[in-house]
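Please read the following report alongside the sequence and the 3D view.

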Amino acid sequence: MKEYILQRKIARIVAAIALKEGISQAQALLEFYGSKVYQLLTNQSTELCLMSDAYIIDEYFLRKSTP
């Protein structure tokens, strides 16, 4: 996946996280960058970047709620 496409996907995901949690986009970005889902998303071999935004957001919240 092209880098600029991935960056736009991340921006959409962060905006959705911020809206859902009622936090700023800056805070959502920091939280997302620190998550396992972000690590998987940026690792091209996992192919998570090929999944829909909704799937990635669901995965983020699922992993966030699981200790």
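## The loop between helix 3 and helix 4

Glu47 is placed in the loop that runs between helix 3 and helix 4, where helices (H or I, at least four residues) are DSSP runs numbered from the N terminus. The model is a predicted one, in which local features need pLDDT of at least 70 and side-chain atom pairs count only at pLDDT 80 or more, while totals for chains, interfaces and linings use all residues. Residues are numbered from 1 along each chain as its sequence is written, and side-chain values use heavy atoms, with hydrogens and water left out.

Although Glu47 is not a glycine, its phi is positive, at about 60 degrees. Its relative accessibility is 47%, so Glu47 counts as partly exposed; on this scale, buried means under 20% relative accessible area, exposed means over 50%, and partly exposed lies in between (1.4 Å probe, protein chains only). Leu48 is also placed in the loop between helix 3 and helix 4, but Leu48 is buried, with a relative accessible area of 9%. Between the C-alpha atoms of Leu48 and Tyr38 the distance in space is 9.5 Å, and the two residues are ten residues apart in sequence. Leu50 belongs to the loop between helix 3 (36-42) and helix 4 (53-65) as well, and with a relative accessible area of 59% it is exposed.

Two packed helices are described by the angle between their axes and by the distance between the axes. Helix 1 (residues 3-21) packs with helix 4 at an angle of about 50 degrees, and their axes are 10 Å apart; here the axes are lines fitted to C-alpha atoms, for helices over the stretch in contact, and the angles run from 0 to 180 degrees between N-to-C directions. Helix 1 and helix 4 are therefore oblique to each other, given that angles under 35 degrees count as roughly parallel, over 145 as roughly antiparallel, 65 to 115 as roughly perpendicular and the rest as oblique. The crossing of these two helices, helix 1 and helix 4, is right-handed, a crossing being right-handed if the near helix is turned clockwise from the far one by less than a right angle, and left-handed if anticlockwise.

With helix 2 (residues 25-33), the axis of helix 1 comes within 8 Å, and the two axes cross at roughly 115 degrees. Helix 1 and helix 2 are therefore roughly perpendicular to each other, and helix 1 passes helix 2 in a right-handed crossing. Tyr33 lies in helix 2 and is partly exposed, with a relative accessible area of 36%. The C-alpha atoms of Tyr33 and Val14 are separated by 9.4 Å, the two residues being 19 residues apart along the chain.

Side chains of opposite charge can pair when their charged atoms come close. A salt bridge is taken as a side-chain nitrogen of Lys or Arg within 4 Å of a carboxyl oxygen of Asp or Glu, and by this rule the count comes to five salt bridges. In one of them the side chains of Lys9 and Asp53 meet at 2.8 Å, N to O. This pair links distant parts of the chain, with Lys9 in helix 1 and Asp53 in helix 4, 44 residues apart. Lys9 counts as buried at 8% relative accessibility, and Asp53 is buried too, with a relative accessible area of 18%.

Asp53 also meets Arg12 in a salt bridge, at 2.6 Å from N to O. Here again distant parts of the chain are linked, Asp53 in helix 4 and Arg12 in helix 1 being 41 residues apart. Arg12 counts as partly exposed, at 44% relative accessibility. Glu21 forms a salt bridge with Lys64, and the closest N and O atoms are 2.5 Å apart. Because Glu21 lies in helix 1 and Lys64 in helix 4, the pair ties together parts that are 43 residues apart in sequence. Both residues are partly exposed, Glu21 with a relative accessible area of 27% and Lys64 with one of 42%. Salt bridges that share partners join Lys9, Arg12 and Asp53 into one network.

## A nonpolar surface patch

Met1, Tyr4, Ile5 and Leu50 make a nonpolar surface patch of about 420 Å². Patches are made of residues with over 30% relative accessible area and no salt bridge, like charges being joined within 9 Å and nonpolar side chains (Val, Leu, Ile, Met, Phe, Trp, Tyr) within 5 Å.

Definitions and conventions
Areas by Shrake-Rupley, 256 points an atom, 1.4 Å probe, with all protein chains shown as cover.
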